[in-house]
Amino acid sequence: MTTEVNTGDSPGQVSPARGLGLVLAAIVGCEFMLQLDGTIVTVALPDLQHDLGLSAAALSWVVNAFLLPFGGVLLLGGRLGDLLGHRTVFLSGTALLAAASLLAGLAPDIGWLLTGRALQGVGAALAGPAGLALLSITYAGERQQRAFGVYSTVAGLAAAAGMVLGGVLTWAADWRWTLLVNVPVGLAIVALGARTIAPAGRTATRQALDLPGALLSVLGMTAVVHAFVRAAEEGWRDTVTLASLAGGVVVLAAFAFLESRVASPTLPPRVFTHRARAGAFLNLVLLASVLTGFLFFLTQFLQRSLGLSPLLTGLAFLPYGIALLVTARSAPKLIARAGGPKNLAVVGLALIVVAALWLSGVRAGGEYLTAVLGPLVIMGVGAGSAIVPLNIIILSETPAEDAGITSGVLQASLALGGSLGLAALLTVFAGGDDVAAGMSRASTASAVVAGLAVVVSLVAWFLPSQNKAAG
């Protein structure tokens, strides 16, 4: 049952006089900050460990304390935006992230640091889906395609930028600034969003929160993300890894059963009944697994096999970033020339297969210009050609009342895909031989995964359904 209440918040109604460009700046700025948090601390970990006197096991939790609540709360965060208003949840989540960053950056010991990192994850899980939902229902047509292009470009570049910025801040100042940098940025985004994303002052439909479903979604997603993160560290034969994965699957199965029987579910089953959208969700999981592994393993190869310094390694990724930037910014024109977002997404995924196969030929002692540069450019073009259309396929036809939870599923797909891909590819990468051989194996496996994404696309988007075939 639903009741009519005045929330004072429109999930996406924007005052035209204030400029849609500033709204996009607030949303994209927040997403950049969220993605940055996943990697910016990584470079600072050795200094952080020395300063706080941490063990190796405790040090890993500096990263995991952010990832677990982020992955666990994404679905709930998305649904809260649908129920309470995306503007409210976006601003609240960003403010929480800024406050948590201050707590973590000033932490006197590991307990306070982990508390701050966990709250950062919760804030990110609230702000991320709400921002993406605001983008999807604020813009339309070609303007929406351009907005998705900017959004996807920033999100794609933020992970690599985090490594560079983290190194610069740690070198120039202190590891704490990899956390404190979020404070002024977050406050600026809150101020900008509050001024440009206008409250509605109109009656909105609010449903009661599905508390049992919300609890099961958080527990299940957290357990699965924990299993993937631990598998990357301890392997798939680890007892805790297997127990966490099994427990998460059981809880999520109970969650799915419950959601099909309640009147106002946290995750409405209709989100997955749209065939094209379901295929795009699966492709995001596969794509995230490939791109996360690509960034991680190529970094290892450049530093350990080619002998590049961290600074030169960051610069070596510039062709990938530039290719991604140019392609994503050109998304509207490319979609028109390709005949629609589905066609362009297939082309992008196919280019990723080509890049991964090229990288599978790397050998010890190889040269950057001949062995790496070409695949980097092709991977960037492929990623830019795939990510933007996938976002459009998922969100362009989503009803406004489901924009938040659909955005939450989208970002959960990316989070799960990245964690799963890294854990699985680390198993392939590991071995007794050199780094180049491990890179070759991981690239071959990535090509297979990207090829599977192409097959999913063809089946989900172009193969006639049985009902249509029968008719």
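**A friendly note on pockets, cores and salt bridges**

1. Let's start with an open space: the second largest pocket, whose volume is about 470 Å³. The pocket is lined by 22 residues, and those closest to its centre are Met-221, Leu-252, Leu-267, Phe-272 and Leu-416. Please keep in mind as you read that this is a predicted model.

2. Which helices each supply at least two residues of that pocket's lining? They are helix 9 (211-234), helix 10 (239-259), helix 12 (275-305) and helix 19 (403-429). Sorted by class, the lining of the second largest pocket holds 18 nonpolar, three polar and one charged residues.

3. Next, look at the largest nonpolar core, which has 105 residues. Phe-294, Leu-298, Phe-301, Tyr-320 and Trp-461 have the most contacts inside this core. Helix 12 gives the largest share of the core, 14 residues. Apart from this core lies another one of 16 residues, including Ile-40, Leu-54, Val-62 and Trp-175. As background, nonpolar side chains tend to be buried together in soluble globular proteins.

4. Once neighbours within four places in sequence are left aside, Trp-461 is in contact with Ala-276, Gly-279, Ala-280, Asn-283, Lys-342, Ala-345, Val-346, Leu-390 and Ile-393.

5. How many cavities of 30 Å³ or more does a search of the whole structure find? The search finds two. The largest cavity contains about 60 Å³ of space, and among the residues lining it are Val-290, Phe-294, Phe-297, Met-379 and Ser-446. Helix 12, helix 16 (341-359) and helix 20 (435-462) each give at least two residues to this lining. By class, the lining of the largest cavity has nine nonpolar, three polar and no charged residues.

6. The second largest cavity holds about 30 Å³ of space. Its lining consists of Leu-286, Leu-287, Val-290, Leu-349, Ile-352, Ala-450 and Ala-453. Two or more of these residues come from each of helix 12, helix 16 and helix 20, with helix 12 giving the largest share, three residues. The class count for this lining is seven nonpolar, no polar and no charged.

7. Turning to charge, the structure holds five salt bridges. Side chains of opposite charge can pair when their charged atoms come close. Are Arg-79 and Asp-82 buried or exposed? Both are buried.

8. Arg-146 and Glu-142 form another salt bridge, at 2.8 Å from N to O. Why is this pair separated by about one helical turn? The reason is that Arg-146 and Glu-142 are four residues apart in helix 6 (residues 141-172). Arg-146 counts as partly exposed because its relative accessibility is 46%, and Glu-142 is also partly exposed, with a relative accessible area of 46%.

9. The last pair to visit is Asp-402 and Arg-270, whose side chains meet in a salt bridge (2.6 Å, N to O). Asp-402 lies in the loop between helix 18 (373-395) and helix 19, while Arg-270 lies in helix 11 (residues 270-273), so the pair ties together parts that are 132 residues apart in sequence. Asp-402 counts as buried at 3% relative accessibility, whereas Arg-270, at 42%, counts as partly exposed. Through shared partners, salt bridges join Arg-79, Asp-82, Arg-270 and Asp-402 into one network.

How values were computed. Residues are numbered from 1 along each chain as its sequence is written. This is a predicted model: local features need pLDDT of at least 70, side-chain atom pairs count only at pLDDT 80 or more; totals for chains, interfaces and linings use all residues. Side-chain values use heavy atoms; hydrogens and water are left out. On a 1 Å grid over the protein atoms alone, a cavity is a set of points where a 1.4 Å probe fits but cannot get out, and a pocket is an open set with protein on both sides within 12 Å along at least five of seven lines; lining residues have an atom within 4 Å of a point. Grid points are joined across faces, edges and corners, and a volume is the space filled by probe spheres set on the points. Ala, Val, Leu, Ile, Met, Phe, Trp, Tyr, Cys and Pro count as nonpolar, Asp, Glu, Lys and Arg as charged, and the others, Gly among them, as polar. A nonpolar core is a set of buried Ala, Val, Leu, Ile, Met, Phe, Trp, Tyr and Cys residues joined through side-chain atoms within 4.5 Å. Buried means under 20% relative accessible area, exposed over 50%, partly exposed in between (1.4 Å probe, protein chains only). Contact means heavy atoms within 4.5 Å. A salt bridge is a side-chain nitrogen of Lys or Arg within 4 Å of a carboxyl oxygen of Asp or Glu.
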